[in-house]
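This report is a guided reading for someone meeting the structure for the first time. Please keep the sequence and the 3D view at hand while reading.

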Amino acid sequence: MFKILNFDKVQSTNKLAFDLIKDNKAQHQNIIIANEQSSGIGRMNRDWVSQRGNLFLSIILQFNDNVRISDYSFLSAICIGKTLEEFDIKTKFKWPNDIIYQDKKLCGILLQNETINNLNNLVIGIGLNLKSAPSYAISLEKHDIAREDFLNKLIKNFENYHLKYQQFGFSTIKNLWLKNAFKLNEIITLSNKQTGLFKGIDDEGNLILEDSNHDINKIFAEEIVN
Ligand code: BT5
């Protein structure tokens with residue numbers, strides 16, 4: 001059962017999640033939610049613009065053993081995508097961790113993990129532009145979605161797909177993700193400037209890129225930029 005811990009203004013829900021875990025004030029299946037973040041974080045020390053009215057949350061999962069962290073990025077994307085479908089909003093998943101709506105970024109996912117008191121803590125940070133977005137991005141302003149409503153549906157989907165993942169492994173998640181993959185079978189450019197045909201992802205979540213010589217490359221540390 002997930003339990004929600006609500007906050008008004010925080011620096012970052014991910015940071016707060018780890019602080020609370022260290023103080024024994026948060027645990028497995030707690031979800032930290034804030035109305036506003038003063039220093040929301042993205043990957044590689046980038047900023048996440050965090051205006052009031054949008055959704056900022058961090059899901060805490062604690063494991064006794066090791067888990068494949070990156071699987072949770074794809075799992076989370078699917079859960080967000082399924083939840084948005086329930087509001088008749090069709091999104092695409094951009095490798096590795098973005099949700100795209102009408103060709104613009106709607107949502108970002110940040111996975112962080114740390115061992116604390118012998119437990120492997122995974123914090124899944126989700127930022128979703130419900131009400132407003134930076135000019136280069138997009139929000140769901142016109143759809144008028146209530147945050148609570150979205151959240152309740154998201155939690156149901158997360159429980160459901162997490163169970164599927166635990167029962168059947170990554171392949172179910174991978175197939176669902178590929179159904180809505182952004183630019184699948186199109187020419188893409190990666191952050192390292194490499195270009196090629198986006199052929200899919202493998203069983204580890206690596207991107208499969210076919211270059212102009214028809215060689216297959218497995219990519220794990222970059223991102224799609226175009
Ligand atoms: C992400 O990073 O997309 C992960 C963002 C995760 C944010 C959540 S909010 C709750 C939790 N607490 C946190 O502190 N963080 C998580 P990345 O792939 O590095 O994307 C960052 C880039 O997205 C920035 O450099 C901008 O280009 C763009 N960006 C920043 N704010 C945005 C926004 N609100 N909407 C769309 N794009 C944004």
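## Terms and a first example

A residue is called buried when its relative accessible area is under 20%, exposed when that area is over 50%, and partly exposed in between. The model discussed here is a predicted one. With these limits in mind, Thr172 counts as partly exposed, because its relative accessible area is 23%. Thr172 has its place in helix α4, which covers residues 170-179, and, computed from C-alpha to C-alpha, it lies 9.2 Å from Tyr161, a residue 11 places away in sequence.

Thr83, which belongs to helix α2, is buried, because its relative accessible area is 0%. A polar atom of the Thr83 side chain lies 2.6 Å from the backbone oxygen of Cys79, and, when residues up to four places away in sequence are set aside, Thr83 touches Phe150, Lys153, Leu154 and Asn157.

## The nonpolar cores

The largest nonpolar core holds 54 residues, and within it Ile80 and Trp177 touch the most other members. Helix α2, spanning residues 69-85, contributes the most to this core, with eight residues. Ile80, once its neighbours within four places in sequence are left aside, is in contact with Ile99, Cys107, Ile109, Ile126, Leu128, Phe150 and Leu154. Apart from this core there is another, made of 13 residues, including Ile21, Ala26, Ala34 and Ile116.

Strands of a sheet pair through backbone hydrogen bonds, and they may do so in a parallel or an antiparallel way. In this model, seven strands form an open sheet with mixed pairing, in the order β1-β2-β3-β7-β6-β5-β4. The edges are taken by β1 (3-10) and β4 (92-94), and each of these has a single partner strand, so one side of each is left without a neighbour in the sheet. From one strand to the next, the twist averages 20°. Helix α1, residues 13-22, packs on this sheet and touches β1, β2, β3, β6 (104-116) and β7, while its direction makes about 20° with that of β6.

Which strands pair with β3, and how is β3 itself covered? On one side, strand β2 (residues 30-37) pairs with β3 in the antiparallel sense over four bridges, and Ile33 stands opposite Leu57 of β3. Strand β7 (residues 119-128) also runs antiparallel to β3, and nine bridges join the two; here Ser58 stands opposite Gly125, and Phe63 stands opposite Asn120. As for the covering, nine of the nine residues of β3 (residues 55-63) are buried.

In a regular strand the side chains alternate between the two faces of the sheet. For β3, Leu55, Leu57, Ile59, Leu61 and Phe63 are buried on one side, and Phe56, Ser58, Ile60 and Gln62 are buried on the other.

Asp23 lies in the loop between α1 and β2. Is Asp23 buried, exposed or partly exposed? Asp23 counts as partly exposed, because its relative accessibility is 48%. From C-alpha to C-alpha, Asp23 is 38 Å from Tyr136, and the two are 113 residues apart in sequence.

## Around the ligand

A nitrogen atom of the ligand, in turn, is 2.9 Å from a polar backbone atom of Val49.

## The four-stranded sheet

Another open sheet is formed by four strands in the order β8-β9-β10-β11, and its pairing is antiparallel. Strands β8 (187-189) and β11 (216-219) are at its edges, and each pairs on one side only. The twist in this sheet averages 50° from one strand to the next. Strand β10 (residues 207-210) is joined to β11 over four bridges in the antiparallel sense, and Glu210 has Ile216 of β11 as its bridge partner.

Terms used. Residues numbered from 1 in each chain as written. Predicted model: local features only at pLDDT ≥ 70, side-chain atom pairs only at ≥ 80, totals over all residues. Heavy atoms only, no water. Core = buried A, V, L, I, M, F, W, Y, C linked by side-chain atoms within 4.5 Å. Buried < 20%, exposed > 50% of the residue type's maximum accessible area, 1.4 Å probe, protein only. Contact = heavy atoms within 4.5 Å. Pairing = 2+ DSSP bridges. Axes fitted to C-alpha atoms, helices over the stretch in contact; angles between N-to-C directions. Polar contact = N/O pair within 3.5 Å; in protein donor to acceptor, adjacent residues only side chain to side chain.
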